[in-house]
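Trainee: I would like to request a close look at a single part of this model, followed by a connected account of its surroundings.

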Amino acid sequence: MVNEKDVAQFSEQCKNIFAQVERDVIGQKEVVEGTIIAMIAGGNVLLEGVPGVGKTRLVRSLGRVFDLPFSRIQFTPDLMPADVTGTNIIVKDEKSGNSKFEFQPGPIFSNIILADEINRATPKTQSALLEAMQEHTVTVMGVSRKLNEPFFVLATQNPIEQDGTYPLPEAQMDRFMFKLIVYNPSLDELMDIVNMTQKTMAEVAEAACNGEQLLRMRQTANQILVAEEVMRYAMTLCSATHPDSECATAASKKYVRLGASPRAGQALISAAKVKALLNGRFNVSYNDVNELAFPVLRHRMKMNFEAIAERVSADKVIEMIIEELGKKNKIGSEKVRPMPETSEFAQSTPADETSVAEESTNETAPAAQDPVPQSDEEVGSKKSKRKLFGRK
């Protein structure tokens with residue numbers, strides 16, 4: 001079980017990590033916190049933002065802070081799977097003179113992988129990452145090789161430029177624990193960024209955690225307790241994204257075509273445990289689940305045509321689902337008095353009174369006025385129109 005000493009050590013370690021990252025990255029506190037939470041929980045992260053907002057710099061800085069081997073892969077349309085995973089090459093033995101095949105590992109054999117502009121690679125190359133992101137293994141020529149732990153894929157993509165890009169398949173999107181949106185900095189943050197980069201463009205963060213300490217922090221987070229009610233709420237939230245589910249809400253039925261997979265529930269609980277430790281708590285709360293629902297679910301939901309036509313984003317749908325589930329839980333917790341078979345109002349107004357009221361209404365209604373007599377010319381014109389257009 002987790003004790004106070006473990007929580008204090010975890011908090012101190014995280015404090016040092018955040019302090020070092022802030023030396024290289026100005027602002028973007030939610031993005032930095034989400035990325036670190038995902039890395040401690042053992043998940044991959046997809047960073048989406050326009051060029052120049054510091055996505056690549058954040059990943060490089062995290063490689064320095066965690067003191068782990070770091071590899072950068074620049075994804076392009078002509079990148080092949082062997083350029084990522086590695087391949088067998090012919091090597092000649094100097095002593096015997098015989099040639100043999102020897103495996104040359106690719107850049108995927110590292111601890112932190114920066115997949116820069118991941119949506120520029122072809123689907124064939126993107127599929128080379130599926131096994132590595134989920135099973136942490138790479139299979140080349142029928143031989144599976146285990147990757148070093150801890151292993152993370154931190155990918156970036158540009159949401160505005162569509163020329164020469166390939167949308168990520170659903171299977172690959174589902175393997176990202178978080179999808180974080182990197183927004184433009186504010187005016188003060190922009191001034192601090194320019195002043196900082198005038199001194200040096202290189203990262204200055206120092207190591208604050210190594211691989212063994214990171215794995216120990218992950219073990220500590222896994223021991224955090226989750227109450228059965230909180231667990232059920234988190235799973236209900238994930239199931240509510242499916243329009244055909246028993247937990248479906250009005251928002252999901254109206255705007256969602258496909259909901260989140262079971263990986264979303266796993267990611268939500270694993271990340272919520274780390275979030276609870278960051279806040280110095282020994283258990284997961286409802287607020288932890290609600291805050292992390294956005295980065296966990298926004299890329300796992302497929303919007304339908306109505307959502308696209310009305311410009312309803314995935315975050316807005318998640319917000320409506322959380323609000324509706326919150327109202328349901330609040331109503332369910334209260335003791336609602338069952339309604340009697342006949343209400344007091346129904347007893348005081350029998351059916352006979354309704355008929356009497358209708359009769360009185362008919363009596364008081366004004367009588368229809370007599371039609372105004374029409375001239376012969378008007379009658380003749382109406383007859384001619386009936387001959388042209390016929391009777392209605």
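In which loop is Pro150 found? Please start from that residue and proceed to the rest of the chain.

Mentor: Pro150 is found in the loop between strand S7 (143-146) and S8. Please bear in mind that this is a predicted model. The peptide bond that joins Glu149 and Pro150 is cis, with omega at about -5 degrees.

Strand S8 comprises residues 152-157 and is joined by 4 bridges to strand S1 (residues 44-48), the two running parallel. Within this pairing, Val45 stands opposite Leu154 in S8. Both strands belong to an open sheet of 5 strands with parallel pairing, in the order S2-S5-S8-S1-S9. Its edges are formed by strand S2 (70-74) and strand S9 (176-181), each of which pairs on one side only. On average, neighbouring strands of this sheet are turned by 15 degrees against each other, direction ignored.

Helices pack on this sheet. Helix H2 (residues 29-41) touches S1, strand S5 (112-116), S8 and S9, and its direction makes about 175 degrees with that of S9. Helix H3 (residues 55-65) lies across S1, S2, S5 and S8, and runs at about 170 degrees to S5.

Met141 has a positive phi of about 55 degrees, although it is not a glycine. With a relative accessibility of 71%, Met141 counts as exposed, because the cut-off for that class is over 50%. A second residue of this kind is Arg311, which is not a glycine either and has a positive phi of about 60 degrees. Arg311 is placed in the loop between helix H14 (305-309) and helix H15 (314-333). Arg311 is also exposed, with a relative accessible area of 79%.

Leaving aside residues up to four places away in sequence, Gln172 touches Ile118, Gln126, Leu129, Leu130 and Met133. Gln20, in helix H1 (residues 4-21), has a relative accessible area of 17%; it is buried because the limit for that class is under 20%. With the same exclusion of residues up to four places away, Gln20 touches Val65, Ala205, Glu206 and Ala208.

Aromatic side chains come next. A search of the whole structure finds 2 aromatic pairs. In one of them, the rings of Phe103 and Phe109 have centres 5.8 Å apart and planes at 75 degrees; the pair is edge-to-face because that angle is over 60 degrees. Phe103 counts as buried at 15% relative accessibility, whereas Phe109 is partly exposed, with a relative accessible area of 25%. Tyr233 and Tyr286 also form an edge-to-face pair, at 5.3 Å centre to centre and with 75 degrees between the planes. This pair links distant parts of the chain: Tyr233 lies in helix H10 (residues 228-239) and Tyr286 in helix H13 (residues 286-297), 53 residues apart. Tyr233 is buried, with a relative accessible area of 7%, while Tyr286 counts as partly exposed at 37% relative accessibility.

Helix H9 (residues 211-222) and helix H12 (residues 262-278) pack at an angle of about 95 degrees, with their axes 9 Å apart. H9 is therefore roughly perpendicular to H12, a class that spans 65 to 115 degrees. Thr220, Ala221 and Asn222 of H9 make the contact with Lys273, Val274 and Leu277 of H12. By class, the residues in this contact are 3 nonpolar, 2 polar and 1 charged.

Finally, the chain as a whole provides the setting for these details. Its secondary structure comes to 18 helices and 11 strands. Of the 392 residues in the chain, 41% are buried. Among contacts between residues at least 6 apart in sequence, 77% join residues at least 24 apart.

Notes:
Residues numbered from 1 in each chain as written. Predicted model: local features only at pLDDT ≥ 70, side-chain atom pairs only at ≥ 80, totals over all residues. Heavy atoms only, no water. Pairing = 2+ DSSP bridges. Axes fitted to C-alpha atoms, helices over the stretch in contact; angles between N-to-C directions. Contact = heavy atoms within 4.5 Å. Parallel < 35°, antiparallel > 145°, perpendicular 65-115°, else oblique. Nonpolar A, V, L, I, M, F, W, Y, C, P; charged D, E, K, R; others polar. Buried < 20%, exposed > 50% of the residue type's maximum accessible area, 1.4 Å probe, protein only. Phe/Tyr/Trp six-rings, centres within 6.5 Å; stacked < 30°, edge-to-face > 60°.
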